[in-house]
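Hi,

Here is the structure I promised to pass on. My notes on what turned up in it follow below.

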Amino acid sequence: MKKFLLLLFLLPTLNYSQGKPIANIGGALRYNYLISSWDSDQKDIGGDFVYDFFRVNAEASYKDVYLNVEYREYSPDFGGGFLKQGWMGYKFNEEEDIHIGLTQVPFGIQTYNSHNWFFNLTYYVGLEDDHDLGVKYMNIGDKFEYQLAFFKGSELFDLGGARAVDSERYAYDIVGSNKEVNQFNGKFIYKTGEKFKQRFGVSAQYGGLYNIETKEMGDHHALSLHHEVDYKRWNLKTTVLTARHNPMNVDGQSRDIVRMGAYGFPYDVASDFEMYTAAISYSLPVDIGPISNLQFYNDFGYMDKRAEGFTNTAQNVLGMLVTAGDMYIYVDYAAGYNHSWFGGDFTNEFGSGKPNLGWESRFNINFGYYFLTDNSSR
């Protein structure tokens, strides 16, 4: 940690004129106000106002070689401190780049398949804003773009194939006795339209699942069709995807579920499922003191589990993003059923689930100030 802080002090001294090394520091500080339908104690005190995270972003470049890194510090109860991303890149020309390190997995609509603070349902099964360790090639043209990647593994910070994978990470990955290895990704986008801009895409991934107890290699794969439309102030994102996992667990341990985790919390996820999402937003420019824009949105996701007797999962988030200078405020009414983060049994709801569960909800306001180089409000 001391070395990391020293780096933060030294990087600004590298900010020279064009043609020489350039480095910048950015970051964010965020807090949450929340009140949950399933938490009677929280409702008794009128909700909670809590720390979310503090993050630091560093960007550096010299002669088309560049660096992008983001470190986040959550509370100890939510995993503590860890990297969200950290990669080195080289720009071949105006269209082609390559990244190596902890970089975003090219799958589905990016950067996000959602508009709200909670993300869409895809995030909670490792298929939205996932970051893994490997190498990625990108070719971004006017009409077509494609990405090819190989990931040796997920965010692993310990050496040794026999070590269990922990949940102290930003993005959801398979954890515990199974670990993601040798994953290949491919993504293709066709772009069309001027006033009515559309992005038609297909994404695929395939990789191994190594079990440290049986020492056998299973596999997993996913395929997604996705479409994004921009028209004037409107944005619409739709996705259909299928995912399959084949873990080689010890005898007696179900292969109908895999253990996934992030923020220090693991839970079960159905091994095989289809997922359908739709997210729509409307942006309204305003001039109200420091407020320059209001974005209204509704993001929906549905998870259809394939195992017999499993109960499906749904999530819907209705909300508004307020832009006020460098401050971004998400006001969300998020609801779901058989959803681990919305009441009930945290461990099992993305897995087998429970029948006859009703919708649970959480009203959440996230206050975030984003400074210097970074302009991402996530």
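Predicted model: local features only at pLDDT ≥ 70, side-chain atom pairs only at ≥ 80, totals over all residues.

Let me begin with a loop: Lys 215 sits between β10 (196-211) and β11. Lys 215 is not a glycine, yet its phi is positive, at about 60 degrees. Lys 215 is also exposed, because its relative accessibility is 57% and the cut-off for that class is over 50%.

Is Tyr 263 buried or exposed? Tyr 263 is buried, with 12% relative accessible area.

One more backbone detail: the peptide bond that runs from Gln 110 to Thr 111 is cis, and its omega is near 10 degrees. Thr 111 belongs to the loop between β5 and β6.

Three strands make up an open, antiparallel sheet in the order β8-β13-β14. Its edges are β8 (173-174) and β14 (265-270), each of which pairs on one side only. Between β13 (residues 257-262) and β14 there are six bridges, in the antiparallel sense. Ala 262 has Phe 265 in β14 as its bridge partner.

Now to the charged side chains. Over the whole structure, the search gives 14 salt bridges.

- Asp 52 and Arg 30 form a salt bridge with an N to O distance of 2.8 Å. Asp 52 is in strand β2 (residues 48-62) and Arg 30 in strand β1 (residues 22-36), so the pair links distant parts of the chain, 22 residues apart. Asp 52 is buried at 8% relative accessible area, and Arg 30 is buried at 5%.
- Asp 129 and Lys 84 form another salt bridge, and their closest N and O atoms are 3.5 Å apart. Asp 129 comes from the loop between β5 (96-104) and β6 (131-140) and Lys 84 from strand β4 (residues 81-91), so this contact ties together parts 45 residues apart in sequence. Asp 129 is buried, with a relative accessible area of 5%, and Lys 84 is buried at 4%.
- Arg 169 and Asp 173 also pair in a salt bridge, with 3.2 Å between the closest N and O atoms. Arg 169 is buried at 1% relative accessibility, and Asp 173 is buried at 0%.

The network of salt bridges links Arg 244, Glu 274, Asp 304 and Arg 306.

Aromatic rings come next, and the structure holds 37 aromatic pairs. How are the rings of Tyr 137 and Tyr 146 arranged? Their planes stand at 50 degrees and their centres are 6.0 Å apart, so the pair is tilted. Tyr 146 is partly exposed, with 32% relative accessible area. Trp 341 and Phe 346, on the other hand, form an edge-to-face pair, with 90 degrees between the planes and 5.1 Å from centre to centre. Phe 346 counts as partly exposed at 23% relative accessibility.

Of the 19 residues lining the largest cavity, Val 125, Leu 127, Gln 205, His 220 and His 245 are the closest to its centre. At least two lining residues come from each of β8, β9 (178-192), β11 (217-231) and β12 (234-246). By class, the lining of the largest cavity comprises eight nonpolar, six polar and five charged residues.

The second largest cavity holds about 40 Å³ of space. Its lining includes Phe 107, Gly 108, Ile 109, Leu 127 and Glu 128. In this second lining, four residues are nonpolar, five polar and one charged.

Methods:
Residues numbered from 1 in each chain as written. Heavy atoms only, no water. Salt bridge = Lys/Arg side-chain N within 4 Å of Asp/Glu carboxyl O. Helix = DSSP H or I, 4+ residues; strand = E, 2+ residues; numbered from the N terminus. Buried < 20%, exposed > 50% of the residue type's maximum accessible area, 1.4 Å probe, protein only. Phe/Tyr/Trp six-rings, centres within 6.5 Å; stacked < 30°, edge-to-face > 60°. Pairing = 2+ DSSP bridges. 1 Å grid on protein atoms, 1.4 Å probe; cavity = no way out; pocket = protein on both sides within 12 Å on 5 of 7 lines; lining within 4 Å. Nonpolar A, V, L, I, M, F, W, Y, C, P; charged D, E, K, R; others polar. Points joined across faces, edges and corners; volume = space filled by probe spheres on them.
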